[in-house]
Amino acid sequence: MGSDIRFGWTGAIGSVILGATRSEGGTRKISYRVGGGTTLPFLDHAPASSPLVALEICDEPQYWPQIVRNYCGDLVDDVSAWATTAETVYGADLIRLYLTSTRQRNFSDIPLVGKAVEEVLSATGLPLIIEGSNEPGIDSEVFQKCGEAGEGERLLLGTAEAGRYRSIAAAALAYNHSIIAQSPIDINLAKQLNILLREIGIQQDHIMIDPYTGTLGYGFEYSYSAMERIRFSALKGDADLAMPMICSAIDSLTIKEVREADTAYQDEMAVAWEFYAGLAAAVAGAEIICVRHPKTVGRLKKAFTSLKTGSDPTGRI
Amino acid sequence: MALKALDIYKLLPKKNCKECGDPTCLTFAMKLAGGKADVDLCPHLDEQAKAVLGASTRPPIRLVKIGIGERSFAIGEEFVLYRHEKTFYHPPGIFFKVSDTQTMEEVSAVTKRVRDESFIRVGSDLRCNGIALENSSGTKEMFAAAVATVEKAADLPLVLISEKTESLFAALVHCGTYRPLLHAATKENFKEMCALAKHHDCPLVIKARGLEQLAQLAKECALEGVQDLVMDSSPQSLGEFITASTAIRQLAITRAMPDLGYPVFLDATGSDIQDAAIALGIVKYASVIVTAPLSEASAKAALTLRQNIYTDPQKPIQMNPGLYRVGTPGKDAPVLMTVNFSLTFFTLQGYLESTRIPCFMLVVDTEGLSVLTSVAAGKLNETLVRDALIRFGVENEVAHKKLIIPGYAAPLSGRIEEMTGWKVLVGPRDAAEIGEYLEQEWKK
Amino acid sequence: MHTVTFLPGYRKIEVPRETTVLDAAQRAGLNINVVCGGQGKCGKCVVYVQSGKTEFDQQKNLKFFTQEELAQGACLACQATVQGDLQIIIPDSTLIQEQKILIEGLDTGIELHPSVRKYYVELLPPTLSDPSPDLSRLLWGIQKNGGPVAEKMYAPLEALREIPTLLRHSDWKVTGTIALVPGGYRLVDLQENDTSKRLYGAAVDLGSTTVVVYLWDLVAGKMVAVASNYNKQISCGEDILARVNFAKKNGLSKLQALAADSINAALTTAANSAGIDREDIYEVVVAGNTVMTHMLLGIDPGYMIAEPYVPVVRRALSVASGRIGIACNRNGGLFLFPAVSDFIGGDIIADILACGMAEKEEISLLIDIGTNFEVVMGNREWMFSCAGAAGPALEGGEVLFGMRANPGAIDKITIDPATLDPAYSTINGIKPRGLTGSGLIDLLAELLMNCVIDRNGRINTGFNHPRIRTGVHFPEYVVVRAEETDIGKDIVLTENDIKNLIMSKASVHAACVTLMKEAGISRQQITTIYFAGAFGNYLNKMNAATIGLIPEIPISQIKNIGNGAVTGANIALINRRKRKTLDEIATKIAYIELNAEPAFMDEYTSSAFLPHTDLSLFPEVQKMLDTCRLHRG
Ligand code: SF4
Ligand code: FES
């Protein structure tokens, strides 16, 4: 009697390369090939790689959750130091830099954006994810600037949406970066955006899907299934969904349960929330898990290691 | 694969005699396909049709009940591998583990925690489910005494963990009529275990490495007359658990190995990161999860995850009604009312964020309907708005009484004003125009 | 009393003070556009006061008029009241234009089998040796002349009262009219002399906006006239929901009377144009949606519009026309089509009868699109149906320059790929005033093929072209420049219009897919797609497929049955045997409530893309798009 799990997949998840080492034309210490799975997460007998954990930081901390500001102290005022610590102390695989400075009213200091990207690039050897502006009016300049500042580094640029993808795509194409394609918790919308991006020339191996992750209790019930469905369709052969996924439950640290927790365990609550959401997201198919609390990084990495050591379910260990 | 209405219809007698309670065979077939009717309702089915239809509608995973009374619960009876295909029905029970070598006080304290701690989210009470008592002492006396302690503290569902039948026997003297889950029958002891389980009518965990071994053991226990089984593949790592658990679910629901059609047991204390094991158990088909007593943070996160995974994903995506903040709104910040259809919410939120005007979003409960449909269906009305204003204490948050409502809700503006006493401003129909609207209308 | 004169045309009418100008105009027989039912909300009933005194709150209606227009005396006919003798100018655009109604060659292959027949008999007067009663004498005579068996015919009391005089007065030469009613054969009329050639019947499509009547000579089996009229209920509310609510507040009788009136008006026009007497119309067959049918019969439709949406009656009904005020022969009969549910009404059953899908082995898909849409799929063995709101975009509503299929509406467009300039045609060939459903679909398809919009319907503002620009709120494409229009404004299609169109088309397509999934069939198994209703008339089928309004099947298999409701009514009128199948069809159809169908929302999102998120469902369209896009580079 055969008791292997046979799903009869005909597709596989594509991969996206993030970061470039010196030999690859960049300055990173490491580069990653994200994706490549051929079955449900963690069931690969020879797993391509386990999910990566990215720590999110920003260049203008007034927009950042209080909990992180308390935990990290002065560090948040110095984006380079923050990036260095993320790599050396917190053990992140990647750094996701939010250019929150662009959210200030009437922001126009575009060169500042370039400077922030350059600083973080030199402060860490990890591959970078850069979140550009939120404002259609300055999108184009901001993304151009980021793209240019990180030329050769194979950045992951965020975030393209169905109504706003042309400027980010232009920057990605011009400087050979990849982009995050975000849609609101729906497999169809995710696919639509991928088709739109394909039609303006973005290669499939330069896209990561962000299906939008509502945190636990705040939309995660839908996000989880959206991710599962995307992974499932990709494995069934839908090439327009066969991109690796990135997930960031950014509301985790600002929801009521965490905000109002007793200060004695506020950090613990924050980490638990990020951890449970992150782990479940990885099981649903996310390949990069982004978190904001430094303590979540190590926990998630440890869990992924334990998950990787799978075995044949039939008992023939 | 579930049969389609038309496939089922082809098997029906096509008499349209209405005896099943449906007007036609076709509508009956639609109900069968949706799992909303029982095949037996049609008296005219031939044997062959019954066989085909019966097999496809019987649950592939057995329903097992644990405990009795208020806190008892059922597990199993699941139909799908992915919740988006239908939904998951029976959330896993989370049991705090105590040992018979601990002091009575300790045991009793943990029991009381499970008895009393609850946490309310979106109207439901989230709780852990029971106590798993381990016979670490190896003696039946201590085990029995510990059971007595637990029983004295609360009527909770129990898992009794011991390899010794005599320990279980002694424990069952105290709790045998309360349907505790016995852990565990193995290849070696299953005959005696089955006898015990049968005698007390208790569910039984069977434990083996490897799926074929588990299936074999399940078959043997069934022959002994015990069918309320739960399966423990005793994984050595999280990776092993996910592989085994997925395989069991897949093989059971496809009926490739019907002997695996039982709920799954997971002992998270075996993992070096217990939280990871719990999270994994919740999303990947565990039905009984045993863990060391959880910190408040872990318990809340785990229970919330469980609630999320076991809600029906096919219901329209809803936000929790409430007062949401965009930026850090002050006393003079605008209040925008919207519905709890998540796409509406997220779209509006997105546009509001980009306006950089701090504000409040008052999300009212239209059961996930959009503005247009909820107005049309009468779900969105003045009472709902008034109640939301009161319930979420909007008056304490702002120093004005002005409410911006969506353009499509304009017909309600008068009635909302009357009922709430708030001044209603009708916003744009399209969220994209909200920035401009706020600039022009709110600022002046 | 004051005299109101309407220009041009100098129609005059006397009305009391305080009458609204709208009322006066309607009494003068002018068809004014009253989209909002006279509530002062739609701004469509614009008239100009040339002389005389009216009362009109200018302040309140500022949004509809410019200062200049107000200076010229503009006002809303429904709001202005008569305060003295008046001269009013009614601009063309305020009048309801006779909408193009397709009087398609009806499939007259239908056998003539009406349910009423006339028999002319010359009877022998009674004698002492032949003293049989008048009635038996009459009925035997009818039987002898090919009528039903005498014993099976029944004469109501009213008839019995008339028989003795009539027979004698006519010297025993009379024409009897026998109708087959649910109780059997019935003598419905008796006339002196030979009137047997004067037997007419009417088939009626009772729509919520328009009532269409086809008048038939039931002896010759020939159609003799067609007429249509606006549904007068519009004054109680533009859409059905508004009317039901009106009925809840003000009772049903007004709506009942207006429904009957609307039919009567069309019936009169038809009878006049055919030169016949309405008294010679003996049967009226009505197909209408469930709410309309209820209202016509004076049955409360109120429980139908809220959960759990149950109609009072769904089976076919026969009633005496006199009881509901239909102006035909006083003893005439009315036959109403059965319904499936509140949403799938008699009009759809008539569509099904018209296209013949219930008789075929192959699977057909029937789509009827208006503000609401109905979809039926199946064959002679089984059928599924569903209905939903398409939103008014496909009919030209909720689109900035959208309009109904009235003169001046652009109904066809192509765009030159090289210049991006459109070539179009309008209804009646006059200068364009707006875009109608089919024009909008063409436009959407053409813009997509030329990469002006992406598959999400977003206009590519990166295009450097004078027709593509950013409007006040949204990017837009200029279809016709102001100077070429009849309205003196640029006719544009905005991104928001496109969004509304995509939402509408997505609901229709999602409904089709939901039925297909329920039945477990693929698009390849659909042999024919039938479009019913005015919507299909001007539709470019290829473009309908290109934007993903309907599942892709070979274009030659997409058929337009025009006004299927009236066609079905015609068939049932001419051949009573066809009526027998109707109840059976209606019970056979399973209704799927889309709102209760979790998969529908998913299908909808997936359909809200051009043509669809799953491109493999549109292989031909995809190929075609690829080639045109290749040309664009
Ligand atoms: S009882 Fe059976 S035969 Fe009769 S209508 Fe129902 S399904 Fe059809
Ligand atoms: S404004 Fe609508 S009819 Fe007068």
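These legends walk through several close-up views of a predicted model.

**View 1. Chain B meets chain A.**
Let us start with the contact that chain B makes with chain A. It takes 58 residues from chain B and 57 residues from chain A. Together the two chains bury about 5000 Å², and 63% of that area lies on carbon and sulfur atoms. On the chain B side, B:Tyr82, B:His84 and B:Arg356 lose the most area to chain A, and together they account for 13% of what that side buries.

Side chains of opposite charge can pair when their charged atoms come close. Chain B and chain A also share 10 residue pairs in polar contact. Several elements of chain B each supply at least two residues of the side that touches chain A: strand S4 (119-121), helix H8 (211-223), helix H9 (238-253), helix H10 (274-283), helix H11 (296-309) and helix H12 (342-355). By residue type, that side of chain B divides into 27 nonpolar, 17 polar and 14 charged residues.

**View 2. Chain C meets chain A.**
Now turn to the contact between chain C and chain A, with 14 residues from chain C and 14 residues from chain A. About 1200 Å² is buried between these two chains, 44% of it on carbon and sulfur atoms. In chain C, the residues that lose the most area to chain A are C:Asp602, C:Thr605 and C:Thr613, which together make up 35% of what that side buries.

**View 3. A salt bridge from C:Asp602 to A:Arg229.**
How many salt bridges link chain C and chain A? The count is 3. In one of them, C:Asp602 pairs with A:Arg229, and their closest N and O atoms are 2.7 Å apart. Helix H14 (residues 598-607) of chain C gives the largest share of the side of chain C that touches chain A, namely 3 residues. The residues on that side of chain C divide into 3 nonpolar, 5 polar and 6 charged.

**View 4. An open sheet of 6 strands in chain C.**
Within chain C, 6 strands form an open sheet with mixed pairing, in the order S26-S25-S16-S17-S18-S27. Strand S26 (558-562) and strand S27 (589-591) stand at the edges with a single partner strand each, so one side of each is left without a neighbour in the sheet. On average, neighbouring strands are turned by 20° against each other, direction ignored. Inside the sheet, strand S16 (residues 363-369) and strand S17 (residues 372-378) of chain C pair in the antiparallel sense over 6 bridges. For C:Asp368, the bridge partner in S17(C) is C:Glu374.

Helix H10 (residues 495-519) of chain C lies across S16, S17, S18 and S25 of chain C and runs at about 25° to S17(C).

**View 5. An antiparallel sheet of 3 strands in chain C.**
Another open sheet of chain C has 3 strands in the order S22-S23-S24, with antiparallel pairing. Why does one side of S22 and of S24 lack a neighbour in the sheet? Strand S22 (468-470) and strand S24 (491-494) of chain C stand at the edges, each with a single partner strand, so one side of each is left without a neighbour. Neighbouring strands here are turned by 40° against each other on average, direction ignored. Strand S23 (residues 475-480) of chain C is joined to S24(C) by 4 bridges, and the two run antiparallel. One bridge partner in S24(C) is C:Thr494, which goes with C:Glu476. H10(C) lies across S23 and S24 of chain C as well, running at about 60° to S24(C).

**View 6. A salt bridge within chain A.**
Over all chains, the count comes to 51 salt bridges. Among them is the one between A:Lys301 and A:Asp93, whose closest N and O atoms are 2.9 Å apart. This pair links distant parts of the chain, 208 residues apart. A:Lys301 sits in helix H10 (residues 294-308) of chain A, while A:Asp93 lies in the loop between helix H2 (79-88) and strand S4 (94-98) of chain A.

Notes
Residues are numbered from 1 along each chain as its sequence is written. Chains are lettered from A and ligands numbered from 1 in the order in which they are written. This is a predicted model: local features need pLDDT of at least 70, side-chain atom pairs count only at pLDDT 80 or more; totals for chains, interfaces and linings use all residues. Side-chain values use heavy atoms; hydrogens and water are left out. Contact means heavy atoms within 4.5 Å. Buried area is the accessible area (1.4 Å probe) that two parts lose on being put together, summed over both. A salt bridge is a side-chain nitrogen of Lys or Arg within 4 Å of a carboxyl oxygen of Asp or Glu. Ala, Val, Leu, Ile, Met, Phe, Trp, Tyr, Cys and Pro count as nonpolar, Asp, Glu, Lys and Arg as charged, and the others, Gly among them, as polar. A polar contact is a pair of N or O atoms within 3.5 Å; within protein, one must be able to donate a hydrogen and the other to accept it, and residues adjacent in sequence count only if both atoms are side-chain atoms. Two strands pair if DSSP finds at least two bridges between them. Axes are lines fitted to C-alpha atoms, for helices over the stretch in contact, and angles run from 0 to 180 degrees between N-to-C directions.
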